[in-house]
Amino acid sequence: MGRLFEKRMDFIRDVTSIVFPILRSFGHMFFGFLLYKYQILSKEATKEISHLVLKLLLPIYMFSKIGILSSPDTLQFIFPILTIVLLCIAVGIGATYLSYKYLLGNLNCFLNVYFALNTFTNFFLLPLLTVDGICQPYGYLGKYESCKYDIQLVLLFTMMMNVYVFTITDYCYETDSAKYRFEVLERGNATLSQVLLPRDPQENSNISLERSTIFTSPNIQKNRFQEILGRLSNRSIICSIAGFILGVFPPTRALFFAEDATFRWSIDILYDLTMNLIFTNIILGYSLAETYFNKQDDGSPSFLNKTQFLYIVLTKLVAVPIIGFVVFYILRGFSEFFQDPVYAYSQYVQFLTPSANVHIMFAIKHQYAKKDVSLLLLYESLFSLPSISLFSVFFLKSIT
């Protein structure tokens with residue numbers, strides 16, 4: 001009887017050491033919810049703060065943090081890790097696409113394509129803070145050595161790769177050809193290749209030839225490629241690469257990034273400025289509160305009813321994590337990376353977290369289905385806490 005009681009108490013301690021750290025990010029979001037409810041912060045102020053965080057503080061954070069964590073030894077494992085991160089993102093996008101295609105096949109094709117590409121990408125703080133919390137001494141993974149330094153670098157590289165993926169896919173929908181793609185999507189029965197690279201100008205007589213030729217003209221293709229390269233050279237990515245290069249180069253590391261470096265104080269100043277990055281989650285909570293308290297029709301087209309909303313949320317927060325769990329369990333037999341619970345969870349958490357605010361960014365740019373994507377983000381966030389907690393417990397208990 002005593003042994004059974006001890007086992008139950010150990011299980012409860014394990015569960016709480018996983019669930020309680022996850023509450024960390026949601027606490028920030030709840031604070032943003034309260035800021036909106038009691039009108040402590042204006043909507044204009046949130047826009048200014050978001051602009052400051054994304055344009056200035058995030059690049060500074062990536063530069064200083066990656067520079068501090070990098071070292072000449074990092075070069076030995078950086079390329080294998082980047083390959084694994086890209087593989088996990090590809091698996092996540094594939095799992096999302098298959099889930100929407102086969103579980104939600106009766107819905108508008110807009111969901112199958114766009115959600116497969118951008119719903120999975122999450123380059124904001126929720127995945128990073130979730131793993132960081134569980135890796136704290138009070139967290140379930142805090143006893144593992146890899147929690148101290150390596151995992152933070154892996155998380156930052158994962159965040160950077162998500163930025164790359166989002167930048168490329170977002171560009172596919174931001175040009176004038178987006179109107180053409182929407183017409184293809186609204187027709188229904190469109191394939192992934194038709195939406196990303198539609199090449200047949202005659203595939204629908206209702207779609208103008210001028211829009212179709214944007215995909216076939218060599219000059220336009222070249223300009224599109226150059227613009228994509230320009231977009232990939234954004235502040236966060238450039239600062240990440242710069243921080244990594246300066247961090248692994250011995251002379252600059254000895255001057256700026258090492259613990260006893262002469263000018264380490266200057267890097268610490270930059271890093272201290274980025275403590276306000278937590279506003280990303282606070283502003284997200286503020287946006288969710290705005291959606292919750294203002295559900296009136298904004299005049300944008302709507303494609304979904306309540307049942308379909310529920311199906312989509314369950315697909316994202318249940319089907320995708322299950323597929324990810326099966327894939328990761330298989331990968332454990334092929335790579336030492338996935339045998340380490342800390343590294344494995346750092347990638348699996350991408351399958352669990354909601355889609356940040358990429359939906360909102362897309363809707364604002366294109367004035368397309370704003371109401372639907374706002375509500376989806378709200379419902380995903382509300383259901384994500386029990387979903388993340390449940391699958392995190394299941395995943396970590398099964399691999400440790």
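Where does Gln39 lie?

1. **Gln39.** Gln39 sits in the loop between H1 and H2. Helices here are DSSP runs of H or I with at least four residues, strands are runs of E with at least two, and both are numbered from the N terminus. Phi of Gln39 is near 55°, a positive value in a residue other than glycine. Most residues other than glycine have a negative phi. Gln39 is exposed, at a relative accessible area of 54%. Exposed means over 50% relative accessible area, buried means under 20%, and partly exposed falls in between (1.4 Å probe, protein chains only).

2. **Basis of the model.** This is a predicted model, in which local features need pLDDT of at least 70, side-chain atom pairs count only at pLDDT 80 or more, and totals for chains, interfaces and linings use all residues. Residues are numbered from 1 along each chain as its sequence is written, and side-chain values use heavy atoms, with hydrogens and water left out.

3. **Salt bridges.** The structure holds five salt bridges. The criterion is a side-chain nitrogen of Lys or Arg within 4 Å of a carboxyl oxygen of Asp or Glu. Three of them are taken up in the next points.

4. **Asp14 and Lys397.** These side chains meet in a salt bridge, 2.8 Å from N to O. Asp14 is in helix H1 and Lys397 in helix H18, so the pair ties together parts that are 383 residues apart in sequence. Their C-alpha atoms are separated by 8.4 Å. Asp14 is partly exposed, with a relative accessible area of 21%. Lys397 is partly exposed too, at 31%.

5. **Arg24 and Asp132.** Arg24 forms a salt bridge with Asp132, with the closest N and O atoms 2.7 Å apart. The pair links distant parts of the chain: Arg24 belongs to helix H1 and Asp132 to helix H5, 108 residues apart. Arg24 is partly exposed, with a relative accessible area of 31%.

6. **Lys43 and Glu290.** A salt bridge joins these side chains at 2.9 Å, N to O. Lys43 is in helix H2 and Glu290 in helix H14 (residues 279–293), so this pair too links distant parts of the chain, 247 residues apart. Lys43 counts as partly exposed, at 38% relative accessibility.

7. Ser50 is found in helix H2. Ser50 and Ile283 are 233 residues apart in sequence, yet 7.3 Å apart in space, C-alpha to C-alpha. Ser50 is partly exposed, with a relative accessible area of 22%. Met62 also lies in helix H2. Met62 and Thr274 are 212 residues apart in sequence and 9.3 Å apart in space, C-alpha to C-alpha. Is Met62 buried or exposed? At 3% relative accessibility, Met62 counts as buried.

8. **Second largest pocket.** About 320 Å³ of space lies in this pocket. A pocket is an open set of points on a 1 Å grid over the protein atoms alone, where a 1.4 Å probe fits and protein lies on both sides within 12 Å along at least five of seven lines; lining residues have an atom within 4 Å of a point. Grid points are joined across faces, edges and corners, and the volume is the space filled by probe spheres set on them. The lining has 17 residues, and Arg24, Tyr61, Leu128, Leu129 and Tyr271 lie nearest the centre.

9. **Makeup of that lining.** Helix H1 (2–37), helix H2 (43–69), helix H5 (125–134) and helix H6 (150–172) each supply at least two residues. H5 gives the most, with four residues. The lining divides into eleven nonpolar, three polar and three charged residues. Ala, Val, Leu, Ile, Met, Phe, Trp, Tyr, Cys and Pro count as nonpolar, Asp, Glu, Lys and Arg as charged, and the others, Gly among them, as polar.

10. **Nonpolar surface patch.** Leu310, Tyr311, Leu314, Val318, Ile322, Val326, Ile330, Phe334, Leu382 and Phe383 form this patch, with about 970 Å² of accessible area together. Helix H15 (306–331) and helix H18 (370–399) are the elements that give two or more residues to the patch. H15 gives the most, with seven residues. Ile322 lies in helix H15 and is partly exposed, with a relative accessible area of 42%. Patch residues have over 30% relative accessible area and no salt bridge; nonpolar side chains (Val, Leu, Ile, Met, Phe, Trp, Tyr) are joined within 5 Å, like charges within 9 Å. Areas come from the Shrake-Rupley method with a 1.4 Å probe, and for residues only the protein chains shown count as cover.
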